[in-house]
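Have the model open and follow along.

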Amino acid sequence: MSILEDARAALATGPLCDSCLGRLFADRSFGLANAERGHALRVTVALADDDPFEAGEDCWVCENECDRFDWWAEQAASAVRGYDFDTYQVGTKVPPLLEENDELLREDIGLDPDAGEALKTELNREVGKRIGDLTGAEVEFGRPAVQLTLDLATDEVETHVNSAFVYGRYRKLERDIPQTKWPCNDCNGTGLWQGEPCDGCGGSGYRYDESVEQLSAPVVREAMDGEEAVFHGAGREDVDARMLDSGRPFVIEVMEPRKRDVDADELEADINAFADGKVEVTDLHLATHEMVERVKELDASKTYRMDVEFGAPVDADALQDALAELDGTTIQQETPQRVTHRRADITRTRTVYDAEGELTDDRHAELRIHGEGGLYVKELVSSDEGRTEPSLAGLLDTDAVVTALDVIDVQGEDEPFAKDEFLKE
C-alpha cells in the first residue's frame with residue numbers, strides 16, 4: 001500500500017493523535033517531528049478524499065500521553081532542580097497496555113511490527129529535547145550526570161544522580177595513618193563491647209583515629225554537596241609506611257552531588273588545610289568514572305626507601321654485591337606470614353627493577369628499591385623465614401629487618417595514570 005493508504009487505514013482504527021499517526025512513518029523524510037508528519041498526513045488524506053478535516057484529539061493508542069511532552073519535561077526539570085549537571089538521559093516506563101496498543105495499530109493496518117518507531121522512543125526524544133531547553137544540559141547516551149525515568153503509570157519522574165569523581169595524588173607525611181577507615185576488629189566497628197565502650201578503640205569503632213580517606217574525602221563531599229564520598233586508591237601502603245615524593249594516585253567518588261563544577265585548585269588547597277600537614281594532595285582534576293577502574297586496575301611499579309637493621313655487622317662490599325644480585329632479579333615470594341590471615345597463601349613471581357643503597361654503619365643501611373607492583377619489599381629484605389627467595393638477608397647470611405619504610409613513587413608500568421581521556425577540564 002501507499003503511505004496515504006496506510007494513513008487512511010490507521011485513521012480508520014479509531015481516534016489517533018498526530019504523533020501516533022506520524023510515528024508509523026518516522027523513517028520517512030527528515031527534520032520533521034512525528035506530530036508534524038501526522039498532521040500533514042491527516043490534511044493530505046482529507047484533501048485527497050474531499051472529506052471534512054478533523055483534528056486528532058483523544059487517542060486510543062497513547063491515551064493522550066503524546067500531548068504531555070511539555071508537562072513531563074517540566075516535571076523532570078523540577079525533579080532535578082538544585083542539582084548541578086550538564087548531561088542527562090531520559091528513559092520511559094511505558095505501561096504494557098500502551099505498548100500493546102502501539103503493536104496492535106501496526107498489526108491492524110498490516111505494517112511491519114518495527115515500522116516507524118516505538119512510543120517509548122518518541123517520548124524519550126521529545127521529552128528529552130524539552131528538558132534540554134529548560135535546563136541548558138545536553139543528552140549523553142553513555143554515563144550522563146543524571147538519569148531521568150518517566151513512569152507513565154504513576155505520573156512520577158524517577159531520578160538517578162550519578163557520582164562525580166576527583167582524581168589526584170596523595171602524600172602521607174606521618175606514619176600510623178591507614179589509607180581508609182579501619183574498623184575495630186574487637187567490636188566490628190560498633191564502638192561497643194557487651195554494651196560498654198570498646199577498650200580496643202575507645203568507643204570510636206576504628207582502630208585508628210584518622211586515615212587518608214578521613215582527611216580528604218569529607219572536604220570533597222562538602223564541596224560537591226554530596227550524600228557520601230568513597231576513597232579509591234591505586235593500591236595501598238602499610239599503615240606504618242609514609243607515602244612521599246610523587247604520591248599515590250587516588251580517586252574520590254562523591255555520591256549524588258548537587259554541585260559538580262568545583263575548582264580543583266581551591267579544592268586541593270582546602271584538603272591540604274584540613275589535613276593539617278598529615279596528608280597532602282596534588283594534581284587534583286575532575287575525572288570520569290572510568291578513572292576509578294584505572295587507579296584500581298592499571299599495573300604500576302613502586303619505588304621504596306627503607307631503613308634496614310642487620311643482625312650482625314655487614315661489610316660495605318658485601319652489601320653492594322648483594323644488592324647487585326637483587327638488581328633485575330625475578331623473586332619467588334610466598335604470601336608473607338603477616339598477611340596470610342587475609343590473603344591467599346600462594347607463590348608470586350615479581351621482578352626487582354633496581355636495588356641500591358649504602359651502609360650508615362655496619363649494622364644499618366638505607367636502601368632504595370624499585371620493583372614490580374605486588375612485590376613485598378619487607379620480605380625481600382628479611383626473607384620471611386625463607387618464604388622469599390632470593391632475599392637480602394639470605395644473600396648476606398644474617399638477619400635483616402626493615403625498621404622504617406617510605407613509598408616514594410607509584411607509576412603506571414606502561415603508561416601514566418593521568419591521561420586526558422580520563423580527566424575533565
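## Helices α1 and α3

Helix α1 (residues 3-12) and helix α3 (residues 34-49) have axes that come within 10 Å and cross at roughly 100°. That makes α1 and α3 roughly perpendicular (65 to 115 degrees) to each other. On the α1 side, the contact (heavy atoms within 4.5 Å) uses Ile3, Leu4, Ala7, Arg8 and Leu11, while α3 brings Leu41, Arg42, Thr44, Val45, Ala48 and Asp49. Sorted by class, that's 7 nonpolar, 1 polar and 3 charged residues.

This is a predicted model, so local features need pLDDT of at least 70 and side-chain atom pairs count only at pLDDT 80 or more, while totals for chains, interfaces and linings use all residues. Residues are numbered from 1 along each chain as its sequence is written, and side-chain values use heavy atoms, leaving out hydrogens and water.

## Helices α7 and α8

Next up are α7 (residues 217-224) and α8 (residues 264-275), whose axes come within 9 Å and cross at roughly 135°. Val219, Val220 and Ala223 of α7 meet Leu267, Asp270, Ile271 and Phe274 of α8. The residues here split into 6 nonpolar, no polar and 1 charged.

Which residues does Leu319 contact, leaving aside neighbours within four places in sequence? They are Phe310, Val314, Glu358, Leu359, Ala365, Leu367, Leu392 and Leu396.

Note on methods. Axes fitted to C-alpha atoms, helices over the stretch in contact; angles between N-to-C directions. Helix = DSSP H or I, 4+ residues; strand = E, 2+ residues; numbered from the N terminus. Nonpolar A, V, L, I, M, F, W, Y, C, P; charged D, E, K, R; others polar. Parallel < 35°, antiparallel > 145°, perpendicular 65-115°, else oblique.
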